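Try each task before reading its solution.

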Amino acid sequence: MRTRSVRRSRSGPAPATRWIALLAIPGLLLGTAACGGSEGGGDGKVELSYRIWDSSQQPAMQRIVDAFEAAHPKIRVSIQLTANQEYWTKLQADATGGSAPDVFWMNGPHAQLYASNGVLLPLDDQLKRDGVSMVNYPANLVSLYNYQGKQYGIPKDFDTVGLWYNKKLFDAAGVKYPDDTWTWKTLSEAAHKLTDRSKGVYGILAPPFGQENYYDTIYQAGGQVISPDGKSSGYDQPATISGLRFWTDLVKQGSSPSLKSMTDTFPGQLFESGKAAMYYGGSWNTLAFAKNDNIKNDVDVAVLPKGVKRAVIIHGLANVAYAKTKHPKEAAQFIEFLGSRQAAQTEAKYGGVIPAYKGTESDWVKAVPQFHLQSFLDEVPYAVPLPTSRNSDAWQSQEAQIFGPAWSGSKDVGDAAREMAKVMDEALSKEQ
């Protein structure tokens, strides 16, 4: 979300996922007189602007831009880096004023909202003319950027969630490393054995995070966050509540730090400081962990433990074009190049993300060989798209407040879930 959030800058400002504060934008383009996009250059070249939010990916994106310009000498592209905390606020303001960039990053939680408000350029006609097929990308990512039968984006990259673990702490406790035989019970028992409060070490971190934690276990339990038709919440279903309770039980049994502790210090920092043996983290954590001298030789990653069934949340970014760009043809050509095998291989090697173009994922795995990154790819066959709706933030922004008391132990998680279902159903009813 993914939101790649402040904690996951590659997938979206927080997130996209801590969940991003999205201002209400019905009628986003009403009253807009100006047309967006960049003007032509003084040398006769078409100039396109390309907005991204992750500085760590900028070098890779610049390499891709350079390659595109070499193949399209009449088009010049300038990258606009916007701090992730400001990305959506600035994009909304620019779209309202008619000055949004020609091409920009989009994530799942915002896709339907921007498409339904006429901000995004439909790409179908151009893709058909140029023979670009969406079968080259995971179907559950393609669908995130398809609204009412029209395709608005080409997937750029994707992420799944894995069980990161500290081998040094496992060895000290005499616990075997996680593998694909692990279940919820295996994890719970291991977390208990790995906890050593005298040393300030916990078996696992169990924060109330959606994509990284309870969304995964909700679907592993056979529940759902939102109905397939997007009209109702699944939070009041018994299976969904079971997926939530998995986490609150870990906190209750003392295998995880308290909610207050995980609020005072971000969970990822606790894991990187060696204070937790296990952490449900994303593929987006790879570069940070690989560069951290404190843990880079001590951690690895496995697939998520199995609940009633296997499931993991998948999310990914797409490149989209502004509906009012002055250069729709050139913007579409650039997006097609960004979605090409060549661009995907560059991202895998230099950008630290799993490229969405099928067949190039192995390049990412090879880029950081000290971790078993294949785990993230092994989960794709049973991956579930990140739960979204036309105005995802209307209900996602309420999750932390409603679930907080359940994580702190002052409210039963079932009661919190049923409260969340009512809030979510009301929000979804306004989308219909």
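**Exercise 1. Find the buried residues of helix 1 and say how they are arranged around its axis.**

Solution. This is a predicted model. Start with burial: in helix 1, the residues Ala60, Met61, Ile64, Val65 and Phe68 are buried. Next, look down the axis: these residues lie on the same side of helix 1, because the arc they cover is only 140 degrees. Then ask what they pack against: the partners are strand 1, strand 2 (75-81), strand 3, helix 13 (328-338) and helix 14 (341-351). Finally, check the length: helix 1 (residues 58-71) has 14 residues and spans 20 Å from first C-alpha to last, close to the 20 Å expected at 1.5 Å a residue.

**Exercise 2. Decide whether threonine 346 counts as buried or exposed, and list its contacts beyond four places in sequence.**

Solution. First place the residue: threonine 346 belongs to helix 14. Its relative accessibility is 17%, and the cut-off for buried is under 20%, so threonine 346 counts as buried. Now set aside the neighbours within four places in sequence: threonine 346 then contacts Ala60, Arg63, Ile64 and Gly351.

**Exercise 3. Work out which way the side chains of strand 3 point and which strands pair with strand 3.**

Solution. Begin with a rule: side chains in a regular strand alternate between the two faces of the sheet. In strand 3 (residues 103-106), Val103 and Trp105 point one way, Phe104 and Met106 point the other way, and all are buried. Then take the pairings in turn. Strand 1 (residues 46-52) runs parallel to strand 3, and two bridges join them; here tyrosine 50 has valine 103 as its bridge partner. Strand 12 (residues 318-321) pairs with strand 3 in the antiparallel sense over four bridges, with valine 320 as the bridge partner of phenylalanine 104.

**Exercise 4. Classify the crossing of helix 9 and helix 17, and name the residues that make the contact.**

Solution. Take the geometry: the axes of helix 9 (residues 238-252) and helix 17 (residues 393-408) come within 8 Å and cross at roughly 45 degrees. Angles under 35 degrees would count as roughly parallel and 65 to 115 as roughly perpendicular, so helix 9 and helix 17 are oblique to each other. The contact involves Leu244, Trp247, Thr248 and Val251 from helix 9, together with Phe403, Ala406 and Trp407 from helix 17.

Note on methods:
Residues are numbered from 1 along each chain as its sequence is written. This is a predicted model: local features need pLDDT of at least 70, side-chain atom pairs count only at pLDDT 80 or more; totals for chains, interfaces and linings use all residues. Side-chain values use heavy atoms; hydrogens and water are left out. Buried means under 20% relative accessible area, exposed over 50%, partly exposed in between (1.4 Å probe, protein chains only). Two strands pair if DSSP finds at least two bridges between them. The expected span of a helix is 1.5 Å times one less than its number of residues. The arc is that of the directions from the helix axis to the C-beta atoms. Contact means heavy atoms within 4.5 Å. Axes are lines fitted to C-alpha atoms, for helices over the stretch in contact, and angles run from 0 to 180 degrees between N-to-C directions. Angles under 35 degrees count as roughly parallel, over 145 as roughly antiparallel, 65 to 115 as roughly perpendicular and the rest as oblique.
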